[in-house]
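Here is a walk through some local features of a protein model, written for someone who would rather look than read tables. Keep the viewer open as you go.

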Amino acid sequence: MKQSKQLIQTLRETPKDADVVSQQLMMRAGMIQKQAAGIYSYFPLALRSIRKFEQIVREELAKDGCQEVLMPMVQPAELWQESGRWTFYGKELLRFKDRKEAGFCLGPTHEEVITDMVRRTVRSYKQLPINLFQVQSKFRDEIRPRFGLMRGREFIMKDGYSFHATDADCDREYWAMFNAYKRIFSRLGVKFRPVEADSGAIGGSFTHEFHVLAGSGEDAILSCDSCDYTSNLEKTEAPALAITDNGAAFPLKRDHFATPGVVGQVEQAAGMKDADHDGMPITQTSKFYLFRAMFADETTKLVGAVLRGDHEVNPVKVKNLVGALDLELFPLEEAEAFTGAKSGFMGPVGLKDVQMVVDLSLKGAVNLTCGANKTDYHHFGLDPARDLPGATFADIRLALEQDTCTRCGKGKYQAYRGIEVGQVFKLGIKYSKAMGCTFLDENGKDQPMIMGCYGIGVTRTVAAVIEQNFDEDGIIWPWPVAPYQVHLLNLDPANAEVNLVANRLETELEAAGFEVLHDDREGMSPGAKFKDADLLGFPLRLMVGTKGLKEGVVELRDRRTKQVTKVAPDAVLGAVRTAKDRIFEGLETAGGR
């Protein structure tokens, strides 16, 4: 393919509105163009990478008998009203009316539509299980679209859904898709981790996310260095800790410490002074959070969370513990009015109509300090089991790097940043029950189908690949999703011999199955072509020039290692094959465990 005929416009300067590396490099490489906030056009190079990844997805899903369908992006409101998500999904769901005033939305996901398709088609257990998927554009009206394709409003997604007669069969398919996803991301040649996660707004009983590891990742991940346990930080189990010996239990001493204006936890610990104490270790202090929990029946409740002073609360764990649909910090002004104290001096003792939850690290702890619900004062002698009657003790803290793994009890958690690119859910009967998606079992009785859900952000994954594979010069594409595999640079298009050799090599390599972009552009210096080649980042660069041909060679350069090999023109095909094999040997060790 001649580059002079391709729609490729590279930029030397980084666009001012490009936030992250993938967005910067894709815009500079002429791969994407911003049309509106979170909405992009894809140029030929970007689309080639996207289609290659889609093909990997299709090939791996076919191995497990998945069938491809295509559903409408525009979805009728009544389906979302049936499932109960029309209101619950929030403003990310772009709602509108047609000329007949009928309600619709642009699909952010397709649980409702696929459930409607199957309930109208499948009637008997003999037709189950079935696994259907599509690759299609989605729209989510993000309040702050950013990071290019990483968090856009319109994006391409593979979403799949399975339907089962038994819970055990749904579990079997869940793990089949889990392993299919491992194969998919391994074929990409990226470092990734499957992590345990919270199911969030989609719902379901359990779920795993797949994260490409990258320093720019939005998600914090903890992974055991001794076993396979890896989890999103919001889900990671925190280990039980030995209780610090704070001496014999004292009765609660109210307003015991005056700590005027001291709100930071470390400063508070240092300021706990009296005749018997010259400050306290931070592990003897406690921390209090006041949340408002919202429930499915539209009721609300105040929830208080008590933790050790050096720990942070995990709101997802608190939400799941109390069974809430949503959880938010109680607004500061309301919290101060409710407790009677400024922030930093609020505490759990004596509050009415608050469900108290205490972190396990404080189970058995005594002689703690806590806010006195009186500005500038703290209590001393808090015994949560004694002074917070009815409180629930549970794991509600954020786990920390170097915490001991709760699964194997041997390893330590290591911290990573990850970009979520895929997720598998076990949905159960959440949608099938609400929408009447049933089948006749062996006894002729109606039963709700048990569902699984499996998504991959296609365009997000392509961007994540770049976030993990770049240097100061540009993109470094892994072979499987590189727009082209070989960038053939004609360094002297005015020279007849150079043209002849370059054209012959293009034809020879393409006949052997390699994808070649031939930079035949006239009027450009070799240096400018080198700059563009580094920016575009195809795995191999083949350089044909007057000087080299006089020596009887062309140069083959590996984009990742920068290794240059001089090769006779007649030996180029063999050299490219050898380079490809070497690259794929590297891919085999790059994936996640």
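In the hairpin of β30 and β31, Lys 562 takes a positive phi near 65 degrees, and five residues sit between the two strands. Keep in mind that this is a predicted model. The strands themselves, β30 (residues 554-558) and β31 (residues 564-567), run antiparallel and are joined by four bridges.

Most residues other than glycine have a negative phi, and most peptide bonds are trans. Glu 101 also goes positive, with phi near 65 degrees, and is not a glycine. Look for Glu 101 in the loop between β5 (95-97) and β6 (103-106). As for peptide bonds, the one from Leu 128 to Pro 129 is cis, with omega near 0 degrees. Pro 129 belongs to the loop between α5 (111-119) and β7 (130-139).

β5 and β6 pair in the antiparallel sense over three bridges, and Phe 96 has Phe 104 in β6 as its bridge partner. They are part of an open sheet of three strands, ordered β4-β6-β5, with antiparallel pairing. β4 (74-76) and β5 are the edge strands, each pairing on one side only. From one strand to the next, the twist averages 40 degrees.

Another open sheet has three strands too, in the order β13-β19-β18, and its pairing is antiparallel. Which strands stand at the edges here? They are β13 (253-258) and β18 (368-371); each has a single partner strand, so one side of each is left without a neighbour in the sheet. The twist in this sheet averages 45 degrees from one strand to the next. β13 and β19 (residues 377-382) run antiparallel and are joined by three bridges, with Lys 253 partnered by Phe 380 in β19.

Now for a pair of helices. How do α1 and α12 lie relative to each other? The axes of α1 (residues 21-28) and α12 (residues 458-468) come within 8 Å and cross at roughly 100 degrees. Angles of 65 to 115 degrees count as roughly perpendicular, and α1 and α12 are therefore roughly perpendicular to each other. On the α1 side, the contact is made by Val 21, Ser 22, Leu 25 and Met 26, while α12 brings Val 462, Ala 463, Ile 466 and Glu 467. Sorted by class, this contact of α1 with α12 has six nonpolar, one polar and one charged residues.

Last, the empty space inside. Rolling a probe the size of a water molecule over the atoms shows where empty space is left. The count comes to two cavities of 30 Å³ or more.

| Cavity | Volume | Residue classes in the lining |
|---|---|---|
| Largest | about 50 Å³ | four nonpolar, four polar, one charged |

Who lines them? Around the largest cavity you'll find Ala 242, Ile 243, Thr 244, Asn 246, Thr 283, Arg 308, Ser 361, Leu 362 and Ala 365. The second largest cavity is lined by His 487, Ala 533, Phe 538, Pro 539, Leu 540, Arg 541, Arg 557 and Arg 559.

Methods. Residues are numbered from 1 along each chain as its sequence is written. This is a predicted model: local features need pLDDT of at least 70, side-chain atom pairs count only at pLDDT 80 or more; totals for chains, interfaces and linings use all residues. Side-chain values use heavy atoms; hydrogens and water are left out. Axes are lines fitted to C-alpha atoms, for helices over the stretch in contact, and angles run from 0 to 180 degrees between N-to-C directions. Angles under 35 degrees count as roughly parallel, over 145 as roughly antiparallel, 65 to 115 as roughly perpendicular and the rest as oblique. Contact means heavy atoms within 4.5 Å. Ala, Val, Leu, Ile, Met, Phe, Trp, Tyr, Cys and Pro count as nonpolar, Asp, Glu, Lys and Arg as charged, and the others, Gly among them, as polar. Two strands pair if DSSP finds at least two bridges between them. On a 1 Å grid over the protein atoms alone, a cavity is a set of points where a 1.4 Å probe fits but cannot get out, and a pocket is an open set with protein on both sides within 12 Å along at least five of seven lines; lining residues have an atom within 4 Å of a point. Grid points are joined across faces, edges and corners, and a volume is the space filled by probe spheres set on the points.
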